[in-house]
Amino acid sequence: KKNIKGTTLTNFNVYDDNIRLKDNQQAELESEMEIALERHEFVMFLQPKVSLDSNAICGAEALVRWMHPLKGIRMPGDFLPLFESNGFIKRIDEFMWEETAKYLARLSELGYSIPVSVNVSRLHIGNTDLVTELSGLVKKYSIDPSKLELEITETLFTEDTGSLYSIMQELKNVGFTIEMDDFGSGYSSLNMLKDAPVDVIKIDRFFLDEVIDTKRGKIIVANSIKMSKELGMRTIAEGVETKEQAEFLRNSGCDIAQGYFYSKPIPTEEFEALLKEGVLK
């Protein structure tokens, strides 16, 4: 790929080293991704979700990390955008769904009955029989489907909502919990609340960051929480980083928070240690 600069008198090519470096990095990731999946280099981390009433851990979100044998830990931002563009995200999602279902069975054996949420990427809608695949995992690991929460990003709700809502309703009918992820990151959030068959609204971290410092912003967030609850939906705020944010959300009636104020995403053994402690902060 090249960046082309020119005038009416001369045309010349400027090869951008940054583009070449990025292309090389992406080619390297693509050459390694299949074998990395086979070698179990992709690992599930968990970020605790905390009840704002009690500060007790009430769930978690499953997040992928790539444990590269030579380069160490690779964060999602380094590889997920590429996987979303080349389609490999479907394989990663399916791997994470199974890891989460398996882990929910382990938590049940340990005596914990809390949900863990997983991401459902846009490529699955219309391409994957989600009801059959996810119901199969629930049956395979003998878990309650309501404990495997499905996060669907808000941007998907601006596309073919008829098909999306139909799939979501089917999933709800067999017992899955549906979360609308990234609420507030788009422009049609309020309109979607009217019709979308969701159980949980997850307030986007950037929405929280950008508006919480202004009086108007506080009113918008507080009333989004109030409206969601009046519609019978639970509310989660992600990206909570300060005590002030946590207190504002608690006073606004938000149910659950997650973010670095409580815990970064951590390996399963660390998560279990936190569960034993019971309360964060």
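**Strands, a helix and an aromatic cluster**

Colleague: How do strands β8 and β9 pair, and over how many bridges?
Modeller: Strand β8 (residues 177-183) pairs with β9 in the parallel sense, over three bridges. Keep in mind that this is a predicted model.

Colleague: Which residue is the bridge partner of M180 in β9?
Modeller: M180 is partnered by I201.

Colleague: What about β10, how many bridges join β9 to that strand?
Modeller: Four bridges, and β9 and strand β10 (residues 234-237) run parallel. In that pairing, K202 stands opposite I236 of β10.

Colleague: Which way do the β9 side chains point, and are they buried or exposed?
Modeller: From strand β9 (residues 200-203), V200 and K202 point one way, while I201 and I203 point the other way. All of them are buried, K202 included.

Colleague: Changing topic. Which residues of helix α4 are buried?
Modeller: Helix α4 spans residues 130-140, and its buried residues are L130, V131, L134, L137 and V138. They cover an arc of only 140 degrees around the axis, so they sit on the same side of α4.

Colleague: What is on the other side of α4?
Modeller: T132, K139 and K140 are there, and they are exposed.

Colleague: And what do the buried residues of α4 pack against?
Modeller: Their packing partners are α3 (89-109), β7 (148-153) and α5 (161-173).

Colleague: Which residue follows α4, and what is its phi?
Modeller: S142 follows α4, and the phi of S142 is positive, near 50 degrees.

Colleague: On to the rings. How many aromatic pairs does the structure hold?
Modeller: Eight aromatic pairs. One of interest is F42 with W66, whose ring centres are 4.8 Å apart.

Colleague: Why is the F42 and W66 pair called tilted?
Modeller: Because the ring planes of F42 and W66 are at 45 degrees, and stacked needs under 30 degrees while edge-to-face needs over 60.

Colleague: Where in the chain are F42 and W66?
Modeller: F42 is in strand β3 (residues 42-51) and W66 is in strand β4 (residues 57-68). The two are 24 residues apart, and the pair links distant parts of the chain.

Colleague: Is F42 buried or exposed? And W66, buried or exposed?
Modeller: F42 is buried, at 3% relative accessible area. W66 is buried as well, at 0%.

Colleague: Which residues form the aromatic cluster?
Modeller: F42, W66, F79, F83 and F88 form one cluster.

Colleague: Last one. Which residue lies over the face of W66?
Modeller: R74, at 4.6 Å from the ring centre of W66.

How values were computed
Residues numbered from 1 in each chain as written. Predicted model: local features only at pLDDT ≥ 70, side-chain atom pairs only at ≥ 80, totals over all residues. Heavy atoms only, no water. Phe/Tyr/Trp six-rings, centres within 6.5 Å; stacked < 30°, edge-to-face > 60°. Buried < 20%, exposed > 50% of the residue type's maximum accessible area, 1.4 Å probe, protein only. Lys NZ or Arg CZ within 6 Å of the ring centre and 35° of its normal. Pairing = 2+ DSSP bridges. Arc of directions from axis to C-beta. Contact = heavy atoms within 4.5 Å.
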